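Subject: Structure handover

Hello,

Here is the structure we talked about handing over. Please open it next to this email as you read.

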Amino acid sequence: MSHADLPQPPVAPQRPSTRTYHGHTVEDPYAWMADREDPELIAYLTAENAYADARTAHLDPLRESIFREIKSRVQESDLSVPVGDGNWWYYTRTIEGEQYAVHARCPRPTPDAPRPELAAGGIPEGEQVLLDGNAAARGHDFFAVGALAVSHDERLVVAGIDLEGDERFALTVRDIATGEVIDDAIAEVGYGAEFDRSGHYLFYVVVDEAWRPFQVWRHEIGTPRAQDVLIRQEDDERFWMGLGSSREDRFLMIGLGTKTTSETWLLPADDPTGEWRCVRERVEGLDYDVEVDDDRLLIVHNERSRESDLAWASLDEPGVWHPILEHGAGERFLGVDAFADFVVLSLRAGGLPALRVLPRDPSGPSRLGAARPWPVDGELTALSLGDNPEFASTALLVTQESFIQPRATYAVDPLSGARTLLKRQPVLGDFDPERYRESREWVGNADGTQVPISIVRRAGVAPDGTAPGFLTGYGAYEIPNDPYFSVARLSLLDRGLVYVVAHVRGGGEMGRGWYEDGKFAAKTNTFDDFVAVADHLRGGWVDPTRLACEGGSAGGLLIGAVLNRAPDRFRVALAAVPFVDALTSMLDPDLPLTAGEWEEWGNPLAEAAAYGWMAGYAPYDNVREQAYPAILATTSLHDTRVLVTEPAKWVARLRERATNDPASAPILLRTEMSAGHGGRSGRYDAWREVAWEWAFVLDQLGATQALT
């Protein structure tokens, strides 16, 4: 297609605007886009969507082909492994042609009744539906569940539903047996809802204008909301509030936390109007996690070390912690789950999630025996506990998966190690994991840091510098980018791409220290790690002219920063809901999330140093007059985490300054007008969204044809 035949991109209007902080004045002609209700912004986003569609119209057949590949590999009518809780087996099932899951249960005659083997596509005998997502979503473009809990007497279910994508939920309480709505008085609330033990009261979370969960309320079911009682309000804008319950509904729990500090409050669930008790009042920098263990508490905390240790406390003196187990070299303790015969510790070791079992030992001071490692299959396998709601469980649900091994759910006896495979994620068609390979390599950065990377590819693809590559990363919030199986990823691998995850600093792969080495003034380590990985791949595993990069949300900030620093390393970039105008957002405490994020990025509003380091890497502020690779930025109009403003401004500035040849390296913005931070909510819609993105990347890499 000649330049004359190309559709012309929209030109974003500019309006004069300046800001001055710490002696620095910045002109921002696209600041007006902060008003998401401005008709001119809606018109601009609509025009960008039309341009993206026109510019990629030739990819329609490829998009359809990828969508059909994904769909053909998924068992569309399926059931999860049933989870036993009280008198019922709980599960979800999907129905061919329907977008959302059905949450349901069927009778469990006795606690030791064998787990039912449910037939895909069938409806179990005696089924009671807790929530049919398809019925709830009917007539709406978006649907998400923010709470789903059953009362202790097993009569009632509360569901929190979002039909806009803004992560604000309406709560409905129903009688499970009859389907009758008992209460629908509560709306515009945050995640989570919990019954007291009697089922007469409901506790829920309210968010403030900045979308920060800051209040917990008690609601007497069947009464007007005006009569609800405020239980706790958090006025420190750095702290978020969460609500939960302990195993078997013994205690209600309120958790408050920043990125570095936490505080937990407990209430016996059979005393809903009683007094909440603090485990230990907050101390700046003290982070702890609580598990109720029969007549005491188990605490994972960082009082001694940033990688955390395990302790116990009595219910009478919850703030006095007695040591049980210290972390070892290269380990990071994350949390603990208590059962009648053993305790399971969740941790990270060697860059991967791990589990450890501590048998009960009444004779010891901690009443626990020596910790035993939990075996794992494969070099790049992610291991995690499943849903195990009963304290008396002797066989636990455990899941494991890798990049090439579909998720498997086992029933495991932690004391003997005996395990039974209950379900392996079905992958239809001719899928064979033996066709693929996965491996771990370590890449040296300029400062001597060894960065782990995960490499996935088709068997037979060699590191000879000829294959197209796809490099992804995240690197923030101590969130690890662990191995997981993806049906959609097969469409990349089967076209010869080498898929690589860069486990850069700022993430949690290698523990708390790894995270702290990629935040505040050290944030540039995240970007340097990613570029070092790209350089390692180019000419080794990957053709230097055919490398793609990808990241979403805070990973989108990574992509934006890297493109400003090293645009020549990549042929195409995919930035999903990218946090690319980070400095502007962190200067506005009235925006969703901002105040709580200062402990991640720094507070540029109050601190000149933080302003300086953020100004040095914030993607929008550092767009230069240089050639950028082809770029696809995706966003959602109702996203409350990364406002649509950010990618819209970024693309407008890229168009203004980039010296790209639009024929070979287009810059596109695609906005979902009825979605939130996670994109489109229905599974078929989500597959089409992935197919759209994959097609753009594959076309730019010249890798549209599947391997034989």
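Below are notes on what was found, element by element.

This is a predicted model, in which local features need pLDDT of at least 70, side-chain atom pairs count only at pLDDT 80 or more, and totals for chains, interfaces and linings use all residues. Residues are numbered from 1 along each chain as its sequence is written, and side-chain values use heavy atoms, with hydrogens and water left out.

Helix H1

Buried means under 20% relative accessible area, exposed over 50%, and partly exposed in between (1.4 Å probe, protein chains only). The arc is that of the directions from the helix axis to the C-beta atoms. Contact here means heavy atoms within 4.5 Å. Asp 38 caps the N-terminal end of H1, with a side-chain oxygen 2.8 Å from the backbone nitrogen of Glu 40.

Helix H10

Helix H10 covers residues 608–617, and its buried residues are Ala 610, Tyr 611, Met 614 and Tyr 617. Down the axis of H10 they fall within an arc of 145°, so they line one face of the helix. Their cover includes strand E1 (18–21), helix H6 (524–537) and helix H9 (594–601).

Strands

Strand E20 (residues 288–293) is mostly covered, with 5 of its 6 residues buried. E20 pairs with strand E21 (residues 296–301) in the antiparallel sense over 6 bridges. Two strands pair if DSSP finds at least two bridges between them. Val 290 stands opposite Ile 299 in E21. The two strands form a hairpin with 2 residues between them, and Asp 294 in the turn has a positive phi of about 55°.

Elsewhere, 4 strands form an open antiparallel sheet in the order E16-E17-E18-E19. Strand E16 (240–245) and strand E19 (277–278) stand at the edges, each with a single partner strand, so one side of each has no neighbour in the sheet. E16 pairs with strand E17 (residues 251–257) over 6 bridges. Ser 245 stands opposite Leu 252 in E17.

Two loop residues

His 327 sits in the loop between strand E23 (322–326) and strand E24 (331–338). His 327 is buried, at a relative accessible area of 18%. Its side chain reaches the backbone oxygen of Ser 308 at 3.1 Å. Gly 448 lies in the loop between strand E32 (436–444) and strand E33 (450–458). Gly 448 is exposed, at 52% relative accessible area.

Cores

The largest nonpolar core has 73 residues, of which Tyr 44, Leu 471 and Phe 530 touch the most other members. Apart from it lies another core, of 43 residues, among them Tyr 51 and Val 697. A nonpolar core is a set of buried Ala, Val, Leu, Ile, Met, Phe, Trp, Tyr and Cys residues joined through side-chain atoms within 4.5 Å.

Best wishes

Conventions: A polar contact is a pair of N or O atoms within 3.5 Å; within protein, one must be able to donate a hydrogen and the other to accept it, and residues adjacent in sequence count only if both atoms are side-chain atoms.
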